[in-house]
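Here is a short briefing on one protein chain.

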Amino acid sequence: MMAETQLDSELRLCDFCRSVDWTSITTGRFDPQNKTRQNGNGQLKSGEHNLGLIRAATACELCALIGEASRTLKKWWPIAHLLDQPEKITCAFWSKRNRLGSSVQTKGLAQAETQLDRLFASLRPGYSSDKMVAQEFLDSLADRGIFLDGEGENSGGSEKRRVNSSFNRLLVLAGKSPVSWTSQTFMQLHPCIHPIPSVDDYVAGEAPFTAFPTGRIVHPKVNVQLLRKWYETCANAHGTKCSEPPWLTSDTSWPAKLRLIDVNRHCLVETPEPCSYFALSYVWGGETNPFQTILANVEEMKTPDFLKNQLLPKTIVDAMELTKEMGVDFLWVDRLCVIQDSDIDQAVQIPQMDLVYSRAEMTIVATSGTAVDGLAGINGTSRVINQRTARVAQDLSLMDVLRLDQSYQDSRWTTRGWTFQEGLCSRRTLIITSNQIFWSCESAKCCESIAFEAFPTTVAANDIIFDVLSGHRVFGEFGGGNNFAYGELDSMIQSYCTRKLTVQADALDAFTGVLRRVEVNTGHDFYWGHSVSVRFDESLAWCNIEWYQNSEWQEGDTPVRRRELHRVRSAEGTVNKVQFPSWSWLGWSRVHGVTRPAPRQIVLEPELDIMKLSLDGKAAPLHSRPEGKKLESVSRLDMCGVDSSTSMGWKGDTAIDASLLHRDAEDGEFRDSGRLLFWTSHAVLDTEDGKIYNDKKEQVGELKLFWPNQVQKPTGKYSFIVVSRKFNDNTIKVLKAEKILYVLAVEWDDPVKRVASRICSGEVEEAAWVGLGEAREWILVTLA
């Protein structure tokens with residue numbers, strides 16, 4: 001009784017907060033069969049409390065925590081007009097099961113298929129599936145103390161102690177009572193053992209044992225030994241899964257002419273042989289005349305201690321010190337390891353950026369500012385920690401971790417074009433934000449604030465990130481061996497197009513590493529961001545699907561052509577500047593919703609013979625490696641009655657005259673212009689409100705989405721050229737040919753020489769195109 005009285009006096013909780021079994025909700029085994037509190041989507045509600053009462057209960061630690069967090073509530077329906085009337089808002093505590101570890105009993109819980117099964121079951125009472133039956137069986141075994149996986153055990157002393165096979169995430173939502181699971185989330189309460197351990201407790205000696213990944217106290221100064229522990233655990237225990245992930249194993253090459261910073265001797269070194277090094281990924285700042293490697297100083301920079309006497313940005317200085325403290329001798333930094341004024345060196349370095357980052361033992365991802373801001377908490381660089389906790393039981397406290405990775409999400413690093421491939425091509429990453437450090441490899445995810453080390457968890461290709469670990473975005477954006485499959489290229493292109501480039505001319509260079517990695521892993525050959533190995537002609541009809549509310553849309557959201565010139569470098573280092581092609585998604589900026597630039601991998605013959613054009617006006621096959629890997633179709637092809645006779649009504653001879661063909665022996669190295677040359681069918685048609693009409697005002701097709709709905713679509717007469725046949729791939733197993741043609745609306749840069757630029761794409765009924773009769777013409781077109 002005295003112990004209970006003492007505990008009651010130690011716990012500063014209101015009656016409502018005392019009435020809730022927080023220990024069971026946050027650290028007990030999740031019970032999806034609790035029908036009394038389940039919402040039909042695998043989530044459980046554990047009570048509601050009035051926000052007005054919560055804010056008034058200032059003596060209650062948990063209410064004070066919730067009340068403070070509620071100040072961040074957004075003006076969203078249905079409580080947008082009630083934010084100044086907290087007594088009319090209700091807070092609810094919703095929990096759901098998260099996948100944690102690699103346990104047999106949890107590895108399928110966060111998969112997309114299971115989520116769909118649950119959703120369907122909520123709509124169709126009585127529905128079941130193999131996954132749901134299997135999970136119920138595994139749960140029943142766990143209830144009886146039978147566990148099928150040995151990975152959930154942790155030896156602590158002489159007796160093995162069981163860790164959780166699943167992890168409950170507790171969210172606090174605000175809305176009108178009864179509060180649904182779709183209401184506004186403004187807190188995520190994570191369990192911590194009490195007293196709450198600090199990061200230091202996990203470095204010196206044996207880490208505290210817990211049956212769940214406890215929260216822990218983080219200090220302003222980073223304990224580098226914890227970071228080193230993450231790195232060394234991966235290097236020594238994770239095996240080839242992390243050292244040689246599937247997306248890297250097929251490529252054993254070492255970056256050519258690789259220079260590294262020797263962090264002990266403070267100078268530049270040449271490294272022709274493989275060695276251990278870290279790489280730095282960061283955002284260049286707005287420095288005036290920043291120190292960098294140029295032809296005039298590259299040799300002098302190889303002098304020991306040379307870099308000690310240079311004014312280097314704080315981020316690079318901190319990265320050098322961190323590399324040394326983690327027991328690694330070398331660091332790669334772009335501005336010091338690439339000769340910035342040498343086209344010859346850049347012709348070697350830029351195409352191998354994927355190798356530079358993937359061969360690094362670890363990439364330091366600096367998201368806490370720009371080059372001049374330093375690495376927060378490292379080498380004397382300051383950082384502010386604001387952890388909010390409340391004790392709710394004898395051995396339990398709760399920590400708000402909803403915005404654990406907010407500083408990462410808000411960072412400039414996540415918006416920059418060059419950093420996209422740097423993060424994607426790294427085997428291991430140490431992500432340093434302004435108030436938190438995260439670790440990511442192919443086997444585990446870690447962070448300072450939560451002790452995930454004993455619960456190594458991977459993020460699978462079809463995981464819903466919200467249902468893995470603590471559900472934070474940062475854990476899903478690094479690692480994952482499926483990144484460089486050709487089937488993932490569409491999503492990678494779309495993600496890249498949302499990034500920004502200070503120099504628009506870098507658009508292709510900053511994505512070349514991704515394309516090369518896909519090329520090495522799949523055998524595809526790329527030309528200006530498009531695969532020329534399968535369905536290149538269809539990829540020319542890519543579109544841009546974007547939607548903005550009127551209040552959000554701005555004039556600057558409209559797609560525009562890139563007018564800057566791309567530097568095409570030859571192997572010898574000569575440079576030719578060419579315009580970005582209008583036919584490629586790379587030729588446009590602000591195409592945040594670019595769609596279908598990489599059609600599904602089906603091997604078929606194109607309707608047209610499209611070739612690339614040199615600066616000398618000579619044509620060559622699109623393939624740079626005609627003898628490359630033979631690709632196989634991933635789906636069955638159904639021509640649906642379409643054959644060579646189907647296109648006879650509009651199609652002529654597609655062969656390019658021999659006099660226009662490039663021959664290496666006579667013409668030398670092919671100097672790319674970025675232009676395409678091909679014979680095709682052309683007609684002038686009317687457009688209005690996104691529809692395409694013939695001269696009789698009959699609709700024959702429609703424009704594909706390209707502009708936001710606030711932008712006026714092309715109206716009037718436009719030239720259209722055919723680029724391919726349409727194939728319907730809305731079903732996974734079968735690709736079906738259609739009697740529909742993909743066309744491009746074009747404007748003539750040179751009407752006499754038939755040089756055109758793409759405006760947008762569209763599709764036209766093949767019979768209607770044939771029916772145009774003499775309004776059609778067969779022409780040799782250059783598509784710029």
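Accessible areas here come from the Shrake-Rupley method with a 1.4 Å probe. On that basis the chain exposes about 34,100 Å². Carbon and sulfur atoms supply 51% of that area. The model is predicted.

**Whole chain**
- The chain has 784 residues, and 54% of them are buried.
- It holds 21 helices and 34 strands.
- Take the contacts with a separation of 6 or more: 74% of them join residues 24 or more positions apart.

**An eight-stranded sheet**
- Eight strands make up an open sheet with mixed pairing.
- Their order is β8-β7-β10-β9-β11-β14-β15-β16.
- The edges are β8 (267-270) and β16 (445-447).
- Each edge strand has a single partner strand, so one side of each lacks a neighbour in the sheet.
- Neighbouring strands of this sheet are turned by 25 degrees against each other on average, direction ignored.

**The β7-β8 pair**
- β7 covers residues 259-262.
- It pairs with β8 in the antiparallel sense, over four bridges.
- Asp 262 stands opposite Cys 267 in β8.

**The helix on the sheet**
- Helix α8 (residues 224-237) packs on the sheet.

Definitions and conventions. Residues numbered from 1 in each chain as written. Predicted model: local features only at pLDDT ≥ 70, side-chain atom pairs only at ≥ 80, totals over all residues. Heavy atoms only, no water. Helix = DSSP H or I, 4+ residues; strand = E, 2+ residues; numbered from the N terminus. Buried < 20%, exposed > 50% of the residue type's maximum accessible area, 1.4 Å probe, protein only. Contact = heavy atoms within 4.5 Å. Pairing = 2+ DSSP bridges. Axes fitted to C-alpha atoms, helices over the stretch in contact; angles between N-to-C directions.
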